[in-house]
Amino acid sequence: MSDKTESSLQRYHAKRNADRTPEPMGKPQRGEDKQRFVVQKHAATTLHYDFRLEADGVLKSWAVPKGPSTDPREKRLAMRTEDHPLEYLDFEGAIPRGEYGAGKVIVWDTGTYRNLTERRGKEVPVAEAVERGHVKFWLEGEKLRGGYALTRTGRDGEKERWILVKVADDEADARRNPVSSQPASVLTGLTLEAVGEETSDQS
Ligand code: MN
């Protein structure tokens, strides 16, 4: 495991108190043939969708306020966030009040993806593509399928602004709008509201 990968989760750990949040802490892991992705719906200070791609043993992450679209004409703002541990792939629950990212989380979609990023006819590894500011991939999720591209459009201090857009292919559909028509978790079938009720019942 390289030092670069090891340090990739430092920002994640620095923001979290392992004694207080149910979120996984995690270590970077070696890559596998099939790379995974997850989109988590997160009711933090503002509702957003956390879009995460497995690469180099961690989850490269963006916060997408409006969520992913299936319409190639829709450009969705995606703010880059810190790399997350792979154990975050199936995290659902409530991050306690007062902790970083406090609020409910459900797994809105998950599955595998293939990297489609090329430069001068050669595949660019995903982690390198992210640093270069453009990554293209094919999703095999339950709600999201087909080609998508993430492109950095600017920086705002430490923050990187990106856009997430659906590639115009056979899986594109301008009318589907899964963010509103398919709101529930693909793991449990629960909506964010139901996760909240379960959590308050336990406390
Ligand atoms: Mn989030």
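Modeller: Arg132 and Glu128 form a salt bridge, with their closest N and O atoms 3.1 Å apart. Bear in mind that this is a predicted model.

Biologist: What makes the contact of Arg132 with Glu128 a salt bridge?

Modeller: The cut-off is 4 Å between a side-chain nitrogen of Lys or Arg and a carboxyl oxygen of Asp or Glu. The closest N and O atoms of Arg132 and Glu128 are 3.1 Å apart, so the pair qualifies. Both residues sit in helix H3 (residues 126-132), and being four residues apart they are separated by about one helical turn.

Biologist: Why is Arg132 called partly exposed?

Modeller: Partly exposed lies between the buried limit, under 20%, and the exposed limit, over 50%. Arg132 has a relative accessible area of 45%, so it falls in between. Glu128, at 35%, is partly exposed too.

Biologist: Which residues does the salt bridge of Lys60 join, and where do they lie?

Modeller: Lys60 meets Asp83 at 3.0 Å, N to O. Lys60 is in strand S3 (residues 58-64) and Asp83 in strand S4 (residues 76-85), 23 residues apart, so the pair links distant parts of the chain.

Biologist: How do you know whether Lys60 and Asp83 are buried or exposed?

Modeller: Buried means under 20%. Lys60 has a relative accessible area of 7%, so it counts as buried. Asp83 is at 7% and is therefore buried as well. Both belong to a network of salt bridges, which also includes Arg80, Glu131 and Arg152.

Biologist: What makes His42, His48 and Asp50 donors to the manganese ion?

Modeller: A donor atom must lie within 2.8 Å of this metal. His42 (ND1), His48 (NE2) and Asp50 (OD) coordinate the ion at 2.2 to 2.3 Å, so they pass. Water is not among the atoms, so the site may look incomplete. In sequence the donors are spaced H-x5-H-x1-D. His48 is buried at 12%, and Asp50 at 5%.

Biologist: Why do S9 and S10 count as paired strands?

Modeller: Pairing needs at least two bridges. S9 (residues 134-141) and S10 (residues 145-156) have seven, in the antiparallel sense, so they pair. They form a hairpin with three residues between them.

Key:
Residues numbered from 1 in each chain as written. Predicted model: local features only at pLDDT ≥ 70, side-chain atom pairs only at ≥ 80, totals over all residues. Heavy atoms only, no water. Donors = N, O, S within 2.8 Å, 3.2 Å for Na, K, Ca; no water. Buried < 20%, exposed > 50% of the residue type's maximum accessible area, 1.4 Å probe, protein only. Helix = DSSP H or I, 4+ residues; strand = E, 2+ residues; numbered from the N terminus.
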